[in-house]
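The sequence and model come first.

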Amino acid sequence: MNLEKKTMEEKVQEQRNADRGKTIEVNDLYVTYNVRKKRKKAKNQAGDDECVHAVNGVTMDIRTGEILAVVGESGCGKTTLGKAILNIIRSSSGTIKYHGQDLSKLSGSQLQSLRQKMQLIFQDPYESLDPRQSVYKALEEPLDIHRKDMSPEQKKERIYKYLEAVGLHPAETMAQRYPHHLSGGQRQRLSIAATMILEPDFVVADEPVSMLDVSIRAEILKLMLDLQKGTDLTYMFITHDLSLAWLIADRIAVFYLGKLVEIGQADDVVHRCMHPYSQALVSVIPKIREEADEDKGHVLRGETPSPMSIPSGCCFHTRCWLYQEKGCPEVCRQKEPALVTVGGDHQAACHFAGPEEKGGDLHG
Amino acid sequence: MNMLEIKDLSVHFKSRAGTVHAVEGVNLWLEKGELLGVAGESGCGKTTTTLAIPGLLPQNAFIPKGQILFNGEDLVKKTEKEMEKVRWKQISVIFQGAMNALNPLQTVGKQMMEPILLHEPHVSKKEAEERVKELLEQVGIEKNRFTNYPHEFSGGMRQRVMIAMSLVCDPELVIADEPVTALDVMIQAQILELLKKLVKKYSLSMIMISHDLSVLCELCDKIAIMYAGRVVEYGYAREVFTHPKHPYTVKLLHSLPDIYGEKVFINGIPGYPPSLITPPAGCPFCERCTEKIPECGSRVPELVDLGGGHYAACCRQTEGRAVV
């Protein structure tokens, strides 16, 4: 549970990760959605804030060739962040750099040519595929848009190659099928093929397995890892499942109400987490193979506050168990905690960030 | 004595493509005060089996054979009129998808009172309202939300309402169909905690369906694993999780990452479940099984007692060899 337990090997790996180049640099990013004006009745409640603060001052890097898992509950802004990085959603302020290039300074056509390098895998394979498009058409469309230089033969060759690569074989037969002929797992394979066919080097995978049965999940994840092997492909893996993130990601970023609360190596974030919110998330993961203890850890009370009226100071203090244990210190209500380094390649945003010790004696 | 005993139950569906053998020869039993978890992949028949108990199967379903004994009475033989007396008062259901299971045009309080007024005619409106309000408080919702409409509640709160609603007529058995699916992890933990509390407080018996094994291991006394319409393993939850006997259970457990264990990549189960319109002659899991023997292709294994209340349906078990 403590830092000394890290092996030499882990330290070497950590250093290597830190030395990697940066594919994406996000700096102080804000995404705000305007919502319709409030009706008379609600006008007096919680100020006259009329926008949803989906992403709230996020600064982070995504390193070349890594898998960064973005974890959080629904409404924490993880999908918005992914879409903002891909420039599908306009950011309100802040910068996003792709290999050092500021995306907001690019013209429409420059952005379009960059798009083929930055792709998205959607969550629900039952809804993200056009039911009237054959498998072949679904894969041909991205090539038609981005690779006008390719001849029909070249396209065909590439489509078959990718169908085989994602495990939809025999490619000739599968190419003629329509989405309703395919099972959930096969549909997701097709989505992945459509994403990869442009040979991107940065892919945002938005909950790619959450709609699938557990027995199929592993194969889809393995496919994603196989496609990454030997390349510099970088994944941003959005998920609500912390144990899955731990399994496949190099680093994990934990979000709460549009803010980055903790980021670090996957093992650090799960086994040596510093932020009380991450600690709560870890404590509710069911223990499958061990005797379940009566003490469930930190099940947070109530629900996430509305992103339309984010609490003052530390946005987590309204539900924070540590805030309660500390006797409601004023600093949590007044001051927003900055992301500070808490060891190695590990940062957390909490005034009292520290490892949780067994026996209730905390943060000495 | 077992409170609920499902004996050799089959449920079939008529469809244009042929008869779907959704549930085939299922045996399950539940003692009073027990919490049984039913797990399996989509289409394995877990919902069909459990919805057959209160007689809530769709129109095109029929039961060709089998018994559902509830306190000694066979529910399969009962008429619709007789079943109405069983529902809510003796067996109630928490339906899947709390988001859509409530009537959007009625206040939450009104729809919660409805079963009481229907099933207990001697209870006055006032008493019913009192009871509903008390139950709302039990599930952590303020009394004054009685007059709110479902859209004024969040997903987790609606699930709480559904849970409270299942308890209004003080049933003996509650069937919870995927009560935490589609909820956030933290809300999921809250709901599981609540269910645990209520089971204790009202000494309920419960059948909980989930495709997520890890949810069941938190809560249940016993576990039944289903595959292709059959129960393949049944036993005490802890025992099934730590010493699984059926190859399917073993594989299912390996497809879950365990942060308390070693970081090994999860294994899926290659292949797909068999068609239930033309079920295979032998063991339904045979095609995806890595432990199969020639016998598996021709014989459907029965659920056999392995001692200590642990049952499995695997051809290799009867040979006296351990499967894993």
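In chain A, 67% of the contacts with a separation of 6 or more are between residues 24 or more positions apart; a contact here means that the C-beta atoms of two residues, placed from the backbone, lie within 7 Å. This is a predicted model, in which local features need pLDDT of at least 70 and side-chain atom pairs count only at pLDDT 80 or more, while totals for chains, interfaces and linings use all residues. Residues are numbered from 1 along each chain as its sequence is written, and chains are lettered from A and ligands numbered from 1 in the order in which they are written.

Chain A has 13 helices and 12 strands, taken as DSSP runs numbered from the N terminus (helices H or I, at least four residues; strands E, at least two). Of its 364 residues, 44% are buried, that is, with 20 or more other C-beta atoms within 10 Å of their own; 12 or fewer make a residue exposed, and values in between make it partly exposed, with C-beta atoms placed from the backbone.

**Sheet of chain A.** Eight strands of chain A form an open sheet with mixed pairing, in the order E6-E7-E8-E3-E9-E10-E12-E11. Strands pair if DSSP finds at least two bridges between them. Strand E6 (118–121) and strand E11 (340–343) of chain A are the edges, each pairing on one side only. From one strand to the next, the twist averages 25 degrees. Helix H7 (184–196) of chain A packs on this sheet, where H7 touches E6 and strand E7 (202–206) of chain A, and the direction of H7 makes about 175 degrees with that of E6(A). Axes are lines fitted to C-alpha atoms, for helices over the stretch in contact, and angles run from 0 to 180 degrees between N-to-C directions.

**A strand residue.** A:Lys97 lies in strand E4 (93–98) of chain A. A:Lys97 counts as partly exposed because it has 17 C-beta neighbours inside 10 Å. Leaving aside neighbours within four places in sequence, A:Lys97 is in contact with A:Glu25, A:Asp102 and A:Leu103. A:Asn27 is 70 residues from A:Lys97 in sequence, with 8.3 Å between their C-alpha atoms.

**Core.** A nonpolar core is a set of buried Ala, Val, Leu, Ile, Met, Phe, Trp, Tyr and Cys residues joined through C-beta atoms within 7 Å. The largest one has 197 residues, and those touching the most other members are A:Val70, A:Ala193, A:Phe237, A:Ala245, A:Ile252, A:Ala253 and B:Leu216. H7(B) supplies the largest share of this core, eight residues. Not counting residues up to four places away in sequence, A:Val70 touches residues including A:Met236, A:Phe237 and A:Ala253.

**Contact between the chains.** The contact takes 29 residues from chain A and 35 residues from chain B. On the chain B side, helices H7 (185–201), H8 (213–219), H9 (237–242) and H10 (247–254) of chain B each give two or more residues. H7(B) gives the most, six residues.
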